[in-house]
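This briefing goes through one protein model by topic. Keep the sequence and the structure in view while reading.

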Amino acid sequence: TVASANLVNKINALALDPNVKATVIDLGTYPAIVDVYEVWDANQGNPQSANYVARSIKSLLYSLFPSYPDLKYIVIVGGDQVIPQRRIVDRTLVSNERTYPYPDNQALWSAFKYRYYLSDDYYAASLPIGVDGREVYIPQYGLGRLVEKPSEIATMIDTFTAEPVLTPQNALVTGYDFLKDQAVEISSTLTGQGVTVDSTLVNDNWTADQFRDKAFKAQTYDLISLNSHFDHFSLFPNDPTEVLATEFDRPNTGKIIFSVGCHSGLNMFDNGTSLPFTGADFAQMFARRGATFIGNTGFGYGDGDLLAYSERLMLNFTDGLGYT
């Protein structure tokens, strides 16, 4: 398609840009990789067939990495249906992935049905760390993924090349219930970094309309920290009304958005979904507008008394925004 050709041209242009210093690895040029994709195509109901592809890709990457001793970042181009995320066994007893009702395509449905969660950390960790009989992947490289349509990925590339470094001036922070303590700490951390923070939605009363007034009708924010319950296509305020991911498909909805919300970062491929809303996810909507988004691909965890789990991870991320 024209959009696909345009994307390929943009990616190749990045490889020629001396300021970016990117190397493009086209998986389609490796016959062994093409073969394992054929196995996955024929076995979409088996999560291990997706892991077979992921394992083969990682083996290829790490055979090439010695030629790039200054490597710092890995960018995966395409959603899970293009380059599969690693399926990792979910051993949790509370909010296990098998209970999530909206994995609306065969590959994701089978992963969640058989109690797997999805992670890209596998690609950025050279060796796993053994913990309690499991493999834990600690990334050694900065890692990101561009989704979903070629035009949306191209928008992300254009945004990056136009403003590769963001110096945030203002932020919107939300939070309620057990997430209020995290939201307060994030607000304090950003304020200490010189960012003007709007934290009026850190309470147990804010509604969907109040959120819309802040996020869509007031000023444009460089940073938005969304601390609330989620599905991959909707945000839950304190009132029964949901804020849908499609509502963020508008200009100037933020430049970097991050969330502890369950499945807030889960990208659901549009084609092949049986329900009209499941393909409209936050990851795609933000990409469509050139915004960088960080969110959980599975259930996120917090603590009522401590800043722990996903809460701590997002606070550490906020600390990292101030590093120079």
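**Sheets, helices and cores**

A171 has L223 in β9 as its bridge partner. That bridge belongs to a predicted model, and so does everything below.

**The five-strand sheet**

- Strand β7, residues 170–175, runs parallel to β9, and three bridges join the two.
- An open sheet of five strands contains this pair, in the order β8-β7-β9-β13-β14 and with parallel pairing.
- The edges are β8 (196–202) and β14; each has a single partner strand, so one side of each has no neighbour in the sheet.
- From one strand to the next, the twist averages 15°.

**Helices on this sheet**

- Helix α7 packs on the sheet and touches β7, β8, β9 and β13.
- The direction of α7 makes about 165° with that of β7.
- Helix α8 lies across β7, β8 and β9, and runs at about 170° to β8.

**The three-strand sheet**

- Another open sheet has three strands in the order β10-β11-β12, with antiparallel pairing.
- Here β10 (229–231) and β12 (243–244) are the edge strands; each has a single partner strand, so one side of each is left without a neighbour in the sheet.
- Strand β11, residues 234–236, pairs with β12 in the antiparallel sense over two bridges.
- Within this pairing, S234 stands opposite L244 in β12.

**Nonpolar cores**

- The largest nonpolar core has 25 residues, and F211, L235 and F282 touch the most other members.
- At least two residues of this core come from each of α8 (208–217), β9 (223–226) and α9 (282–288).
- Another core, of 22 residues, lies apart from the largest one; A50, A107, Y123 and A125 are among its members.
- Leaving aside residues up to four places away in sequence, L235 touches W206, F211, L226, S228, H229, F230, E242, V243 and F282.

**Helix α10**

- Helix α10 has 12 residues (310–321), and at 1.5 Å a residue it should span 16 Å.
- Which residues of α10 are buried? They are S310, E311, M314, L315 and T318.
- The elements covering the buried residues of α10 include α7 (180–192), β13 (256–259) and β14 (292–294).

**Backbone details**

- The peptide bond from V147 to E148 is cis, with omega near -5°.
- E148 sits in the loop between β6 (142–146) and α6 (150–162).
- D177, in the loop between β7 and α7, is not a glycine but has a positive phi of about 50°.
- Is D177 buried or partly exposed? D177 is partly exposed, because its relative accessible area is 46%, which falls between the cut-offs of 20% and 50%.
- H263, in the loop between β13 and α9, also has a positive phi, near 60°, and is a residue other than glycine.
- H263 is buried, because its relative accessible area is 0%, and buried means under 20%.

How values were computed
Residues numbered from 1 in each chain as written. Predicted model: local features only at pLDDT ≥ 70, side-chain atom pairs only at ≥ 80, totals over all residues. Heavy atoms only, no water. Helix = DSSP H or I, 4+ residues; strand = E, 2+ residues; numbered from the N terminus. Expected span 1.5 Å × (residues − 1). Buried < 20%, exposed > 50% of the residue type's maximum accessible area, 1.4 Å probe, protein only. Contact = heavy atoms within 4.5 Å. Core = buried A, V, L, I, M, F, W, Y, C linked by side-chain atoms within 4.5 Å. Pairing = 2+ DSSP bridges. Axes fitted to C-alpha atoms, helices over the stretch in contact; angles between N-to-C directions.
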